[in-house]
Structure formats: C-alpha cells, structure tokens
Amino acid sequence: MDQAYVKIDSVSKVFDTFSGDRVVAIKEISFDIRPGEFISILGPSGCGKSTLLRIIAGLLKPTGGNVSVGGSPVDGPIKGIGFVFQKAVLFDWYKVLANILAPVELAGLRKRDYVDKAYELIRLVKLEGFEDKYPKELSGGMQQRVAIARALIMDPEILFMDEPFGALDALTRDQLNLELLKIWSEKRKTILFVTHNIPEAVLLGDRVVVFSERPGTIKAIIPIDLPRPRTVEVKKDKKFGELEVELYKLIAGAHESEIEESKRKGRD
Ligand SMILES: Nc1ncnc2c1ncn2[C@@H]1O[C@H](COP(=O)(O)OP(=O)(O)O)[C@@H](O)[C@H]1O
Ligand SMILES: [Mg+2]
C-alpha cells in the first residue's frame, strides 16, 4: 500500500507476569492503515486487541516489531490522538461542557479558546441542551457521546475506540453507530475501532481486521466494499449478510481450532 499512514510491522508483545508466566498477547502483527481509513478490529476477548491499540498509541512498548505513524517511528505516547473506552470515565464533579474541555485543561491550554469547538462537538454528538448536566444525570449512551466529544476536542488525527459501545443496549448501540459514521464522514479521522460485534464491524469499517484467539495473530483482513455514506439501509444489502457470514465463519473457526487443541491436549 503506497499511502500508508500507520505502519504496523511484525509487532509482538509478551507480558512477564508476577507469577513468572509469560503471556504472548500478540504475535507478529503487520498491516498498514491509510489516512482517514476506518479500521474495525474484530476478535474474541483476550486476543490482544487492546494491547495492539496501546502499542500503536505509544502507551505500551512492543517486545518485537515496529510501528510508525505519519512516517515517524512510535517510541513514546504519540500526540494528536483521541481515545474512547468501553466506560466513559468522566469527571463526576464536572458538567458536560467541562468534561469535554478537560483535555484542554490537562494540556495547560486556555479553555476559552476551545469553547466554540466544544459547542460544535456538542451539536455533532447531539447533546444540545445537556451542557450543564452532570454525568450521573445522563444515560450510558449520552455519557459515551460526551466521551466521543472529549476525544475530538483537540482535533486528533487518529481516534482509538476500544469497544466503545460494548456496554450499551442494542438500540443505543445501533444509533451511536450511525452517528459515529456521520461524525467520521464529517471529520475524516483515521479510526481504529475494536469490537466483538460482527454487524457493527461491517457497518462501520472500510476493512475488518480479524484476530485469532490468543496469541493474537491476524486471521484475515476483509475489505468491506459496501457503498458510503452508509445508513441503516445498508443492512438490507445482500453483500452485508454475506460479509457477516464470512466473519462468523472466521471467528467460529477460531473457536473450533481451540476445541481441537484442547481435545488434542486431553489425549496427550
Ligand atoms: N499488563 C499486563 N500484564 C500481563 N498480562 C496482560 C497485561 N495486559 C494484558 N495482558 C494479557 O494479554 C492478553 C491480551 O489482553 P488484551 O489486549 O486486553 O485483550 P483484548 O483487548 O483482546 O480482550 C490477555 O491474556 C491479558 O490477560
Ligand atoms: Mg480489550
């Protein structure tokens, strides 16, 4: 790929645990990401998805391989990223507006320079009228909207989303998926989106990177050539169903091989 923005080259991570065990979290992961691309990362829990995200963001050092972003090698926390986790982790004692401005405050910049931006984001994530509410007054979905706005306030080039909608009910998840697509088409950030929900991975992604069971390796990279902009209508597309089945098979295949492996071990 000639237009790589993020280059992930043979990245591995082994954790040495306190009990003396070595956990191979991910093993020789390589792929490139184009600028503005939406990458879904799909895989069973514990296969190293969060580990890979933290390595790309420079929050964790790999034990093997290299990552570069925008042509520069990653060797410490990289600037210009936004992170959204499964739990919104907001400051309870800050209202919505102050929560969205928190990264500005932490960076030691002047909040008043970012207030217009914060209001623009409040509109974008559909929280108009809730600026003065405290997190505890908001639903889980609304708290996640605040977390998304907060992640965008410093205008990051890359947005890392680690199962951001995993704790929400199905309807709220669908709604936020569609809104995330609108935000992405407006802002054109490069997005790395971790999920273990197949329809979500297909609806959102330009490509779906499928992880194996731990140690996480890449099982397949599936291009999602469904038309954009995507609305809920895309789910009626025959292609959508075919892609879902293909991904189910890849993921189920991982489970089957695990069963085979445990049977084999049982025989030894
Ligand atoms: N700091 C750590 N020390 C030891 N083991 C870890 C650490 N972080 C993650 N792991 C292990 O690495 C594996 C991958 O974890 P993780 O990246 O969180 O998986 P996922 O996000 O796909 O659920 C798991 O087995 C996890 O227990
Ligand atoms: Mg994780």
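Start by selecting glycine 48: one of its polar backbone atoms sits 3.0 Å from an oxygen atom of ligand 1, a polar contact (a pair of N or O atoms within 3.5 Å; within protein, one must be able to donate a hydrogen and the other to accept it, and residues adjacent in sequence count only if both atoms are side-chain atoms). This is a predicted model, where local features need pLDDT of at least 70 and side-chain atom pairs count only at pLDDT 80 or more, while totals for chains, interfaces and linings use all residues. Residues are numbered from 1 along each chain as its sequence is written, chains are lettered from A and ligands numbered from 1 in the order in which they are written, and side-chain values use heavy atoms, leaving out hydrogens and water.

On its own, ligand 1 has 560 Å² of accessible area, and the protein covers 67% of that (areas by the Shrake-Rupley method with a 1.4 Å probe; for residues, only the protein chains shown count as cover).

How many residues surround ligand 1? There are 13, and the closest are Gly46, Lys49, Ser50, Thr51 and Arg214 (near means a heavy atom within 4 Å). Colour helix H1 (49–56) next, since H1 gives the most to this shell, with 3 residues (helices are DSSP runs of H or I, at least four residues, strands are E runs of at least two, and both are numbered from the N terminus).

A cis peptide bond, with omega about -5 degrees, joins arginine 214 to proline 215. Proline 215 is in the loop between strands E9 (207–211) and E10 (218–223). Then select arginine 228 and proline 229: the peptide bond between them is cis too, with omega near 0 degrees. Proline 229 belongs to the loop between E10 and helix H7 (238–267).

Hop over to valine 89, in the loop between strand E6 (81–84) and helix H2 (96–106). What is the phi of valine 89? It's positive, about 45 degrees, although valine 89 is not a glycine. Most residues other than glycine have a negative phi, and most peptide bonds are trans.

Last, show Lys117, Glu120, Leu121 and Leu124 in H3, which meet Ile183, Glu186 and Lys187 in H5 (contact means heavy atoms within 4.5 Å).
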